[in-house]
Amino acid sequence: MRAKLSYAVTAAVLVFYFVLVGSRGVMLIQSGTLITVTFGVAVLILPVIGLWFLWKNTEFVRKANRLAAELDAEGGLPVDELRRLPSGRIDRDSADEVFARRKAETEAQPDDWRSWFRLAIAYHDARDTPRARKAMQRAIALHDGKPVQA
């Protein structure tokens, strides 16, 4: 719940910022000179890109949460078996052990979205966020029946 609240607050702040920047872009365009109209258009592009990025990330999180709920209902969510350091952080060797098992599971069942979901969590625990995101995107695509690139 805390993560959802944090995400919602961050999204609201970003939307407020995009509205503020967008209004400045409109003000520049209304000035009517060539230079201010050019700058105004350039300033309006930033909120559009930002809103698109926010939308795509929100969609990704929503789909990943949907898969997590489905896997939880099946009893297939991975159990947290990681050792922790006294600080509470995940022990790197423990994360590597779990990752090796998840990778082998995924290689044995490359078309199973569930194994890709668990691999994404293992990547995340191993602090490899880009690969975690790619694995989760693959899990979502397999779940939705979309073609997946190798």
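W116 is found in helix 4, where helices (H or I, at least four residues) are DSSP runs numbered from the N terminus. W116 is buried, with a relative accessible area of 15%; buried means under 20% relative accessible area, exposed over 50%, and partly exposed in between, using a 1.4 Å probe and protein chains only. This is a predicted model, in which local features need pLDDT of at least 70, side-chain atom pairs count only at pLDDT 80 or more, and totals for chains, interfaces and linings use all residues. Residues are numbered from 1 along each chain as its sequence is written, and side-chain values use heavy atoms, with hydrogens and water left out.

**Around W116**

- Not counting residues up to four places away in sequence, W116 touches T106, P110, A135, R138, A139 and L142, where contact means heavy atoms within 4.5 Å.
- W116 and T106 sit ten residues apart in sequence, and their C-alpha atoms are 6.1 Å apart in space.

**Helix 4 on its own**

- Helix 4 has 13 residues and reaches 18 Å from its first C-alpha to its last, close to the 18 Å expected at 1.5 Å a residue; the expected span is 1.5 Å times one less than the number of residues.
- Ten of the 13 residues of helix 4 are buried, so this helix is largely enclosed by the rest of the structure.
- Those buried residues are W113, S115, W116, F117, R118, L119, A120, A122, Y123 and D125.
- Their cover includes helix 2 (34-74), helix 3 (92-108) and helix 5.

**Helix 4 with helix 5**

- Two packed helices are described by the angle between their axes and the distance between the axes.
- For helix 4 (residues 113-125) and helix 5 (residues 129-144), the axes come within 8 Å and cross at roughly 165°; axes are lines fitted to C-alpha atoms, for helices over the stretch in contact, and angles run from 0 to 180 degrees between N-to-C directions.
- Helix 4 and helix 5 are therefore roughly antiparallel to each other, given that angles under 35 degrees count as roughly parallel, over 145 as roughly antiparallel, 65 to 115 as roughly perpendicular and the rest as oblique.
- Helix 4 passes helix 5 in a left-handed crossing, a term used if the near helix is turned anticlockwise from the far one by less than a right angle, with clockwise being right-handed.
- On the helix 4 side, the contact is made by W113, W116, F117, A120, Y123 and H124, and on the helix 5 side by R131, A132, A135, M136, R138, A139, L142 and H143.
- By class, the contact of helix 4 with helix 5 has ten nonpolar, two polar and two charged residues; Ala, Val, Leu, Ile, Met, Phe, Trp, Tyr, Cys and Pro count as nonpolar, Asp, Glu, Lys and Arg as charged, and the others, Gly among them, as polar.

**Helix 4 with helix 2**

- The axes of helix 2 and helix 4 come within 11 Å and cross at roughly 110°.
- That makes helix 2 roughly perpendicular to helix 4.
- Helix 2 passes helix 4 in a left-handed crossing.
- From helix 2, A64, L67, A68, E70, L71 and E74 meet W113, R114, F117 and R118 of helix 4.
- By class, this contact of helix 2 with helix 4 has six nonpolar, no polar and four charged residues.

**The residue after helix 4**

- R127 follows helix 4 and is found in the loop between helix 4 and helix 5.
- Phi of R127 is near 65°, a positive value in a residue other than glycine.
- Most residues other than glycine have a negative phi.
- With a relative accessible area of 45%, R127 is partly exposed.

**R102 in helix 3**

- R102 lies in helix 3 and is buried, with a relative accessible area of 12%.
- Leaving aside its neighbours within four places in sequence, R102 is in contact with P78, E81, R118, L119 and A122.

- The 30 residues of helix 1 (residues 2-31) should span 44 Å at 1.5 Å a residue, and its end C-alpha atoms are 44 Å apart, which agrees.
- A11, F18, V21, G22 and G25 are buried in helix 1, and the buried residues of helix 1 pack against helix 2.
- A11 has 16% relative accessibility, and its C-alpha atom is separated by 9.0 Å from that of T58, 47 residues apart along the chain.
- Helix 1 is followed by G32, whose phi is positive, near 90°.
- L34 is found in helix 2 and counts as exposed at 72% relative accessibility.

Methods
Helix = DSSP H or I, 4+ residues; strand = E, 2+ residues; numbered from the N terminus.
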